[in-house]
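Visitor: Could you walk me through this one? I'd like to go over the aromatic rings and then a helix.

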Amino acid sequence: MGFVGDTHKIDKGGCFIGGMKSLVRRKQVDSANSKSSSRAGSSNQLAKALTIPHLISIGVGSTIGAGVYILVGTVAREHSGPALTISFLIAGIAAALSAFCYAELASRCPSAGSAYHYSYICVGEGVAWLIGWGLVLEYTIGGSAVARGISPNLAMLFGGPDSLPDFLARHTIPGLNLTVDPCAAILVFVVTGLLCVGIKESTMVQGFVTSVNVCVMAFVIVAGGYLGFKSGWPGYELPVGYFPYGVDGMLAGASTVFFAFIGFDSVASTAEEVKNPQHDLPMGIGFALSICCSLYMLVSAVIVGLVPYFAMDPDTPISSAFARHGINWAAYLITIGACTSLCSTLMGSIMPQPRILMAMARDGLLPSFFSDVNKRTQVPVKGTVATGLLAGTLAFFMNVEQLSGMVSVGTLLAFTMVAISVLILRYVPPHEVPLPSSFQEAIDSVSMRRSGCSSSSSDIDVESTKIPVTAGDSTPLLAEISVGHPLVEKAAAKLSYLVRQRRKVAGWTIMFTCIGVCIVTSAASIVSLSNPARYALSGFGGLLLLSGLIVLTCTDQDDARHNFGHTGGFTCPFVPLLPIACILINVYLLINLGGATWARVSIWLVIGACIYVLYGRTHSSLKSAVYVPATHVDEIYQTSTNSLA
C-alpha cells in the first residue's frame, strides 16, 4: 500500500462510494508529534491539573444522584424485593464492562471528546458525529432534568413544598400551562460560572459537595445497620424468601438500577486535563465505579432489611424507613444528601459538554467558536457559557422529565460504540492515518527514500510509490531488505497478503457479531412476535454471535495495537468476550427504552445529520488530509522537523 494523496484513496479492504466516503474517514490519535505540529503556538490547550482524587470526585459526584434515595423503594417493591442488593451488584458488574473499555481507550487516547473521540479514531467520522451529537443531547437534557429536581428538595429543607422564597419558587404561567422554575435556572448559571473559573477549582467544589453526600449515605448505612441489628432485620424475615419475584424479577431490577451507574464516563471527558492519563484515568474510573457500587449495595442492604419490601414508601423509602423506627429527624439529613447529590450531578452533567463541543470544533465539524480556550483559566469558557445558557433556559421553561429517557439513549450509544472501538483497536487498528496537506513535501521525501529512488525531482508521482502497510514488527524488516532479493520479496508479499486477509476476516466478523447482537436482543424484546418467529430469530442471531465470538477468539490480535496511541496504559482484559458482552447488554437496554423515547431521539439525530451534511462534512479538518501508512508517521514528522530546521 502506498502513500495516498487525498482522502479518496483507501486501502484495498474497503469500498467507498460517492459522498459516503466522508462518513468513514478516520482521524489520527493524538500523539506528541501531532500535538506539537497541529497546535504549536495554539491557545487551545486545556490545563493539566487533575489527579486521581479529582477524577474520583468527578466520577462519584456524576454517578450518585438523588435517584438512589428513591430508586431503592421503587425497584424493591416492583422487581427485586430483598434481593435488591444483588440487583445493584449485577448492574455494577455490567457497568464495569463499559468501564474497562473506557479505561483502555482513555489511557491510549487521552484527548477531550470521550466516546466521540474514540469513535472518530476507530470507526469513522459519520458514526463519531452521531455519538457526539447524542452526547450533547445527553448532557443538555440530563443537566436540565437534574436542575428541575433540586428545587422541590430545597423546599423540603425550608419546611414544605411551598416554602421557597417567591423569587425561587415555581410558578405556573396562566393560559400557557407552563411551569417555570427560577431556582433551577439560577443553579445552572451558578454552576456554569463555577466551571468557567477553572477545572481544578470547580472539581474541588464538586469534591466537597460529593463528600457531604457520601457522609449522608454513610450515616444511612451505619445508623440503619444499628437499627437493623436492634430490630432483628424484619425486612429479611419474610415467608416469601429472598427472591419474591424470582430470579427474573431480580434481573429486571438490575436492568432498572443500571442507569444509576451512568455518569462515570464524565471522567473520560476530562482526559486531556489529567496530569498522568495513562495511570490516573484507569484508576479514577475504577475507584469511582467501585465506590458507587459499594455505597449502592450497602444502602440497599440496610433499607430493605429495615422495612419489608411491600411496605416501603416508593417516594421516600429511606426517610420513611427511619421514621418507622422513631427517627423522624433523619428526613432532614436525607434531604440534605439528596440536594448535595443533585448539585454534584448537575456539575457532572454540564462539565463534559463543552469539552465534547470543543473536540468536535477542533475537528472542523462545528464552528471554531466552541474550540476557544480561555488563556487565563484554560477552560473552554465560550462553550461552557453556551452550554449553561441552553441548559438553564430548558430548566427554567420546560419540565423535561418526559425527555429523561433520551439521556439514556445517548449514554448507551456511547457505551456500545466504545466497546466496538476496543474490538477494532485489537483486531483491525487503523493502518492509515491522516496528515495535513502541509506535510506533502515530507511525505514525498519519505516516499522516495523508502522506494530506494535517488532522484531529487520534486514532481515524483507519490501514488505510484508503493510502501507496504504493516501490521506488526516483522513486516517492516522484510520491507527494508526486500529490494533486490526476489525470494525475500516474495515471502514479504505473501506475509502482507496473509495479514490483509486476517484483517478482512476480523473486520467482517466484528460487523456480523454486532448484527447478531441486534437480532438476538430484538427477538428477546419484541413481545408482539410469535413464538416460532422469536425462536428462529434468536437462533439465527445467536449463531452469528457465537460464531463471531469463536472466530475472534481464535484470531490473533493485530500487533499494531501495541503502537496505537499512547502506550503504557490500561489494557482491557478478556478480549473479545468482555467487549461483546458489553455490546450485548447495552443494545438490549437500548431496545427496551421504548418507542416514544426512540421517536424523540430520532428527531434529534435527523437534525444532527442535517447539520453534518450542511456544515460538518464540508468543514471537516480531514477534507484535504493526506493518508499515509501508520508505520511511517514518525519518520514523516522527523523529516518535516529537519526540513524546517
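Visitor: How many aromatic pairs does a search of the whole structure find?

Guide: First, this is a predicted model, where local features need pLDDT of at least 70, side-chain atom pairs count only at pLDDT 80 or more, and totals for chains, interfaces and linings use all residues. Residues are numbered from 1 along each chain as its sequence is written, and side-chain values use heavy atoms, with hydrogens and water left out. Rings of Phe, Tyr and Trp (its six-membered ring) pair if their centres lie within 6.5 Å; planes under 30 degrees apart are stacked, over 60 edge-to-face, the rest tilted. On that basis the search of the whole structure gives 24.

Visitor: Are the rings of Trp129 and Tyr612 stacked, edge-to-face or tilted?

Guide: Their centres are 6.0 Å apart. The planes meet at 40°, so call the pair tilted.

Visitor: How many residues apart in sequence are the parts this pair ties together?

Guide: Helices here are DSSP runs (H or I, at least four residues), numbered from the N terminus. Trp129 sits in helix α6 and Tyr612 in helix α22 (residues 595-619), so the separation of the tied parts is 483 residues.

Visitor: What kind of pair do Tyr242 and Phe243 make?

Guide: Ring centres of Tyr242 and Phe243 lie 5.2 Å apart. With their planes at 85°, the pair is edge-to-face.

Key: Helices (H or I, at least four residues) and strands (E, at least two) are DSSP runs, numbered from the N terminus.
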